[in-house]
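Hi,

Here is the structure I said I would pass on. Have a look at it first, and my notes on what turned up follow below.

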Amino acid sequence: MTKWLEDHLPKLMLAPSFVAVLVFVYGFIAWTAWVSLTRSRLLPKYEIEGLIQYERLFASPRWDTALNNLYIFGTLFIVIAMALGLLMAILLDQNIRTEGAIRTIYLYPMALSMIVTGTAWKWILNPGLGLEAMVKGWGFERFSFDWIVDPDMAIYTVVIAALWQSSGFVMALFLAGLRSVDGEIIKAAQVDGIPTWRIYTAIIIPSMAPIFLSAFIVLAHLAIKSFDLVIALTGGGPGFATDLPATYMYAMAFSRGDIGQAASSAMVMMAVVFAIVVPYLYSELRPQKDG
Amino acid sequence: MAPILEIQNLYKNYGSLEILKDINVSIDSGDFLVLVGPSGCGKSTLLNCIAGLEPISGGKLSIGGQDMTNVSPKDRNIAMVFQSYALYPTMSVAKNITFGMKVRGVDQSTQEAKLAQVAQQLQIEPLLGRRPGQLSGGQRQRVAMGRALVRDPKLFLFDEPLSNLDAKLRVEMRTEIKALHQNLAASMVYVTHDQIEAMTLATKIVVMKGGEIQQIGTSAEIYNRPANLFVADFMGSPAMNLIPAKARSNDDGTYIEILRKDGEPIVLTDQVNRDLPSDVIHGVKHKTLDRRAASPLHRVTCSSR
Amino acid sequence: MADLVISPARGQSQAVRLLLRWSLYAALGFFVVIYLMPLFVMVTTSLKSLEEIRTGDLVALPREVTFDAWLTAWSGACTGIKCEGVQPYFWNSVLIAVPGVAISTLIGAINGYVVAQWRFRGANIIFALMLFGCFIPFQVVLLPMARVLGIMGIAGTIQGLIFVHVVYGLGFTTLFFRNYYVTIPVELTKAAKVDGAGFFRIFWSIFLPLSLPIIVVTVIWQFTQIWNDFLFGVSFSQAGTQPVTVALNNIVNSTTGVKEYNVDMAAAIIAAFPTLLVYVVAGKYFIRGLTAGSVKG
């Protein structure tokens, strides 16, 4: 008996977490998937009716806006964050004496809640009292920067705030990547008289492909999950102009009482994450070939 | 007297992969058994099975006459020295050595007495207060030995304990382990891939390949009468020369003929007193070649396949 | 580390070299200003009176420093009907974060220890399943979780939020400890087994004393995650149990009365303060957690 316990103790210790993950992750996903196939409204129903919720979802102009916004926001956010992050990393990699301090400053927004970030930028972008008013106050009377209240432009303010929050993190990833490149290869290139910019474009950056992938995954993941920032910055408005799938789902679940729509939109989000993360996880967890 | 370690029909599988096949070994008290073979031959797995660190899939294993097949490592009355020494990094040398006693609830004064004795025996008294990270490779090796010695076990297990040392230190430690074995009259099982280590330390050698035992015997038996081509090729340094040859028979008996590309075949004059297939491998040890004589003084012939 | 410095090709003059160096610092400085500007604006705005905010400049220093807004934010600002400031919600966040961090770190440590050191058949699959749990968009579990919390009788309570944070934090804490313990040779566990130590003894005497760095990383990560959480907080809390992020959002978006931007900013700084403090004190570990959470360790 004691021997049995001794042999199985590790499994027993892992078991509660395993069960929790099975129920609260996989079980819940299954529940949501099931409900997304029913006519659930205020209360969940369990008779499967097919894809009606998805049909409603993709017929809804609000969801259409949300998806479109995710596309704009996601693309701009990922591309610019990577470009900015790489630029800042390369600039910081030039034997800067105050590197530690600068790095700390670039990265601190990552420690903040998205709600704080949203609140701060909402104030800064306030046309009447913020940046616009400030520049006008300097004498540029015609200056206009009212994106946050402009339905066509508001989504770009979300991009700005998100970039401020996350690009420092991408910088940190890239800086670590730059530093991990084998120094001897670089010395060899320098001895060969290859100019520095060529060393970056031909040797260092190509060898950082895995880091680009990681950064992409993290940023894509952040973009799809983005919820708090929009809530705090624009509240999804003006109108529904800055709705994202995450805010759509939340509105359906908790203020509109449309569980079927909430479930189906959550499943679509899940599918998008799945499409990005699964190949990545698979390649990461696969037994490594040489290192 | 019952053998100190007896392994009968031991099997070890990982899923459908057979790691160890039908292992039968036994050693007597005071024996120094060396498990030797190329990497991946299953020798370390066998040692882990003896220690109880890996469950076995079939067969029986007893230590000191007691069935240990399903007994946990702590109750097998063994001590083990690992390749990486596996010293507890956050504990001092003294704590490393006494940890086992502490876990077992040995009283403080006995712990101290045993620690002092072992430290003196291995000459590591000045190191007792240090952390493993502050020790050299050789010193770590000694501490690992100390941790094993202090247990006073029925059986010592060594898993390639010298492979992380430099060449000079390795020879030194080899001598020391040999002396330790003789002084303590302890029983030991020792895993190595180094056949010189095997030859010099063992009272009994088990040569393994692909999870199977190839031959069991004393150093001399293994060296002089290898059971098969693998053993002949693997043991001995430099390795035995293996030459394809033909066995021919005439009225006087069987003799060996080595064919040459150009010229007449070399015919060995010694007769072989057993039946051989016509294709054979003729093995010649370099030590047995005498420059003054035209023919080898001694040879071993193995049947091919 | 590569000693690589952008420098002009050989033969260019000292002046060009100096110019390049200066533009490098100018670029870095430009980004520094951009990154610091919002924080600067938050702090200065929170120290101004409403009157000065209306008439003054966004980036101007306050003419007259007043802490009224801070006082209001802490104990008087309205989150909907109630006007008690962020104070009660700040303590809610503490009550959620402290046990949430402690429990998820402890469980993660044991899980990681099992997965890395007591490998058994299926352990890797279990780990992969747990790891995947880190990546799901939480929207997909919101609806069933709301019902299950109700069934468990902890809907809208602090305990309910602790429970949710522990469950969905497990994947990351397990990942952190697993990646740390996997670098420790399994022989150490084997040696301790031969020495007679059992599962908990080995964990307590050998692994825990080795774990300080990863404990710090995990605690910081979990603390930041839980403190900054909004989605679970807004979905699973009720009037008295909301965390500070939810309260902050309510204050900023409350439609009653005059908009007090200085109070909003003070409340935002209060909500941000604990995680900022952690970042300033232990930034190294914070960054390590971030990178370990995204790239595998």
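First, a term you'll need throughout: buried means under 20% relative accessible area, exposed means over 50%, and partly exposed is anything in between, with a 1.4 Å probe and protein chains only. One caution before the rest: this is a predicted model, so local features need pLDDT of at least 70 and side-chain atom pairs count only at pLDDT 80 or more, while totals for chains, interfaces and linings use all residues. As for bookkeeping, residues are numbered from 1 along each chain as its sequence is written, chains are lettered from A and ligands numbered from 1 in the order in which they are written, and side-chain values use heavy atoms, with hydrogens and water left out.

Chain A overall

Chain A has 13 helices and zero strands, where helices (H or I, at least four residues) and strands (E, at least two) are DSSP runs numbered from the N terminus. How does the radius of gyration of chain A stand against that of a compact globule of 291 residues? The globule would come out near 19 Å, but chain A has 24 Å; the radius is taken over C-alpha atoms, and the globule rule is 2.2 Å times the number of residues to the power 0.38. Along the principal axes, the C-alpha atoms of chain A fill a box of roughly 75 × 70 × 35 Å. Of the 291 residues in the chain, 54% count as buried. Taking the contacts in chain A with a separation of 6 or more, 68% come from residues 24 or more positions apart (contact means heavy atoms within 4.5 Å).

Salt bridges

Over all chains there are 15 salt bridges, each being a side-chain nitrogen of Lys or Arg within 4 Å of a carboxyl oxygen of Asp or Glu. One of them joins A:E49 to A:R39, with the closest N and O atoms 3.7 Å apart. Both residues sit in the loop between α1 (2-35) and α2 (52-59) of chain A, ten residues apart. A:E49 is partly exposed at 37% relative accessibility, and A:R39 is partly exposed too, at 46%.

Next, A:D93 pairs with A:R179, the closest N and O atoms being 2.9 Å apart. A:D93 is in the loop between α3 (61-92) and α4 (99-107) and A:R179 is in helix α7 (residues 154-180), so this bridge ties together parts of chain A that are 86 residues apart in sequence. A:D93 is buried at 5% relative accessible area, whereas A:R179 is partly exposed at 22%.

In chain B, B:E160 forms a salt bridge with B:K43, closest N and O atoms 3.8 Å apart. Since B:E160 lies in the loop between β7 (155-159) and α5 (167-184) and B:K43 in helix α1 (residues 43-51), the pair links parts that are 117 residues apart in sequence. B:E160 is buried at 9% relative accessible area, and B:K43 is buried at 5%. Back in chain A, salt bridges with shared partners join A:D93, A:E99, A:R103 and A:R179 into one network.

Aromatic rings

Rings of Phe, Tyr and Trp (its six-membered ring) pair if their centres lie within 6.5 Å; planes under 30 degrees apart are stacked, over 60 edge-to-face, and the rest tilted. By this rule there are 47 aromatic pairs over all chains. Among them is the edge-to-face pair of A:F58 and A:W63, 6.3 Å centre to centre with 90° between the planes. A:F58 is partly exposed at 49%, but A:W63 is buried at 1% relative accessibility. The ring centres of A:W121 and A:W164 are 6.0 Å apart with planes at 65°, so that pair is edge-to-face. A:W121 is in helix α5 (residues 114-124) and A:W164 in helix α7 of chain A, so the pair ties together parts 43 residues apart in sequence. Both A:W121 and A:W164 are buried.

Over in chain C, one aromatic cluster is formed by C:Y113, C:W118, C:F177, C:Y180, C:Y181, C:F199, C:F200, C:F203 and C:F207.

Charges over rings

A charge sits over a ring if NZ of Lys or CZ of Arg is within 6 Å of the ring centre and within 35 degrees of the ring normal. A:R62 lies over the face of A:F240, 3.9 Å from the ring centre. The charged end of A:K225 sits over the ring of C:F138, 4.4 Å from its centre.

Cheers
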